[in-house]
Amino acid sequence: MTCPDCDSPLVPFFVPTELREYAPDSQRTLAICTQCLSLHPTNQPELDAASDPAFERISESFPTGEAAVPMALVLGLLKSLALNRSEIEHLLERVERAGADPLLVIDRVGRQGSTQPQWDAARRRHQLEQFLD
């Protein structure tokens, strides 16, 4: 699978029931682009809660465990901070509760050079810091 926006590889993942309200169109499965970090619906019925998404293809610093899927959703939703503010705030809290630092992940993803997000990482990080204060 490749991204329809930039033709880069996608990482498919299962969205647990408790996170679907934050997923675009409440999708059961999504895929995140390894380069532009956009989210795309995917129809992969074989994906389930036991599936282990390869988020390390985005960054070696990508969180694992309970922080992984909420972090992927945050990255995909950052394209439109104004429209997704509430969802992003809730997801950031989940990432933090799961023991990961979402702002550090955004910093690293923005600086590593292998990604070209559809949003400015430094600017978004600053805006998110204000949300978390």
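Residues are numbered from 1 along each chain as its sequence is written, and side-chain values use heavy atoms, with hydrogens and water left out. Because the model is predicted, local features need pLDDT of at least 70 and side-chain atom pairs count only at pLDDT 80 or more, whereas totals for chains, interfaces and linings use all residues.

An open sheet is formed by 3 strands in the order E1-E2-E3, with antiparallel pairing. Helices (H or I, at least four residues) and strands (E, at least two) are DSSP runs, numbered from the N terminus, and two strands pair if DSSP finds at least two bridges between them. Strand E1 (10–14) and strand E3 (39–41) are the edge strands, each pairing on one side only. From one strand to the next, the twist averages 30 degrees. E1 is joined to strand E2 (residues 29–33) by 5 bridges, and the two run antiparallel. Phe-14 stands opposite Thr-29 in E2.

Helix H3 (residues 102–111) and helix H4 (residues 121–132) pack at an angle of about 175 degrees, their axes lying 9 Å apart. Axes are lines fitted to C-alpha atoms, for helices over the stretch in contact, and angles run from 0 to 180 degrees between N-to-C directions. H3 and H4 are therefore roughly antiparallel to each other, the term applying to angles over 145 degrees. In this contact (heavy atoms within 4.5 Å), Leu-103, Ile-106, Asp-107 and Gly-110 in H3 meet Ala-121, Arg-125, Leu-128, Glu-129 and Leu-132 in H4. These residues divide into 5 nonpolar, 1 polar and 3 charged; Ala, Val, Leu, Ile, Met, Phe, Trp, Tyr, Cys and Pro count as nonpolar, Asp, Glu, Lys and Arg as charged, and the others, Gly among them, as polar.

The largest pocket holds about 490 Å³ of space. A pocket is an open set of points on a 1 Å grid where a 1.4 Å probe fits, with protein on both sides within 12 Å along at least five of seven lines, and lining residues have an atom within 4 Å of a point. Of the 25 lining residues, Gly-65, Glu-66, Ala-68, Val-69 and Pro-70 are the closest to the centre. By class, the lining has 13 nonpolar, 4 polar and 8 charged residues. H1 gives the most to this lining, with 3 residues.

Notes. Angles under 35 degrees count as roughly parallel, over 145 as roughly antiparallel, 65 to 115 as roughly perpendicular and the rest as oblique. Grid points are joined across faces, edges and corners, and a volume is the space filled by probe spheres set on the points.
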